[in-house]
Amino acid sequence: MRATDNQGGTIRLPIYMQDKIRTVKKSDKSLHDELGRAASKEELAERLGYSEDKIQWLKLCQKMQPYSLSSRRTRDSRFGSESPQLTVGDSVDDPTQTPEKFIENKQMQNDIKGLLCRLNQKEQIVLRMRFGLDNGGKKETLKNVAEHVGISSDGVRMIEIRALEKLRHFGESGNSSVGSAKSNFIALEE
């Protein structure tokens, strides 16, 4: 029985937890046979000497199913019906990321935020959506951005071109922080 418990499931619960769950199941069945009905949490807790909360938690553990990292998350209301379909795995941190890479990414995000603050709201929205800055790196199509903003695809394209031109101009003005942010933003374009 222990070998099956150790190697039988996708997600292995500790043996002591599996023993407790098995004990709850057996007691639940024996109480059902004695009473002729399903046992209440109070009756089960009294029989086993556990609290009702512990009984409820153990029953919940018994019913748990593995959750796939490729399953779809709920839609993001910011994007309406054309929401990007992110998976659970998209939100899991990369355990191999080094502290240096983490700091570099944070600095790049801060630089880009500083640059975007210099643009008007519509330009910010367009660039954020087109370059996937707010939704896990998933770049949106001109059509999706146009529907979100409420203008034509050509209008979105023109706003994107104008905003990128402004960013280039900020970088050429000699401000070193803007220059580093510009190089980070251009890296996103590629």
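Predicted model: local features only at pLDDT ≥ 70, side-chain atom pairs only at ≥ 80, totals over all residues.
**Close-up views of an all-helix model**

Helices H7 and H8 are roughly perpendicular to each other, because any angle from 65 to 115 degrees counts as roughly perpendicular and theirs is about 95°.

**View 1. Helix H7 packs against helix H8.** H7 covers residues 142-149 and H8 covers residues 153-172, and their axes lie 8 Å apart. From H7, the contact uses Leu142, Lys143, Val145 and Ala146, while H8 brings Ser153, Val156, Arg157 and Glu160. Sorted by class, the residues of this contact are 4 nonpolar, 1 polar and 3 charged.

**View 2. The whole protein is built from helices.** Step back for a moment: how many helices and how many strands does the protein have? The count is 9 helices and 0 strands. Read from the N terminus on, the elements run α-α-α-α-α-α-α-α-α. The protein has 190 residues, and buried ones make up 26% of them. Among contacts with a separation of 6 or more, 44% join residues 24 or more positions apart.

**View 3. Helix H2 crosses helix H4.** Two packed helices are described by the angle between their axes and the distance between the axes. For H2 and H4 (residues 52-63), the axes come within 10 Å and cross at roughly 105°. H2 and H4 are therefore roughly perpendicular to each other. On the H2 side, look for Met17, Lys20, Ile21, Val24, Lys25 and Asp28; they meet Lys54, Ile55, Trp57, Leu58, Lys59, Cys61 and Gln62 in H4. The contact of H2 with H4 has 7 nonpolar, 1 polar and 5 charged residues.

**View 4. Helix H4 also packs against helix H3.** H3 spans residues 41-48, and its axis is 9 Å from that of H4, at an angle of about 105°. H3 and H4 are therefore roughly perpendicular to each other. Lys41, Glu42, Leu44, Ala45 and Leu48 of H3 make the contact with Glu52, Ile55, Gln56 and Lys59 of H4. By class, these residues divide into 4 nonpolar, 1 polar and 4 charged.

**View 5. Serine 27 sits in helix H2.** You can find serine 27 in H2, which covers residues 15-35. Is serine 27 buried or exposed? Serine 27 is buried, because its relative accessible area is 10% and buried means under 20%. Leaving aside residues up to four places away in sequence, serine 27 touches Leu44, Arg47 and Leu48. Take leucine 48 as an example: serine 27 and leucine 48 are 21 residues apart in sequence, and their C-alpha atoms are 7.7 Å apart in space.

**View 6. Two cysteines have contrasting surroundings.** Cysteine 61 is buried, with a relative accessible area of 8%. Cysteine 117, on the other hand, is exposed, with a relative accessible area of 61%. How many disulfides does a search of the whole structure find? The search finds 0 disulfides.

**View 7. Helix H6 has a capped N-terminal end.** H6 takes in residues 121-130, and its buried residues include Glu123, Gln124, Val126, Leu127 and Met129. What caps the N-terminal end of H6? Asparagine 120 does: one of its side-chain oxygens lies 3.1 Å from the backbone nitrogen of lysine 122. After H6 comes glycine 132, whose phi is positive, near 65°.

Methods:
Residues numbered from 1 in each chain as written. Heavy atoms only, no water. Axes fitted to C-alpha atoms, helices over the stretch in contact; angles between N-to-C directions. Helix = DSSP H or I, 4+ residues; strand = E, 2+ residues; numbered from the N terminus. Parallel < 35°, antiparallel > 145°, perpendicular 65-115°, else oblique. Contact = heavy atoms within 4.5 Å. Nonpolar A, V, L, I, M, F, W, Y, C, P; charged D, E, K, R; others polar. Buried < 20%, exposed > 50% of the residue type's maximum accessible area, 1.4 Å probe, protein only. Disulfide = S-S within 2.5 Å. Polar contact = N/O pair within 3.5 Å; in protein donor to acceptor, adjacent residues only side chain to side chain.
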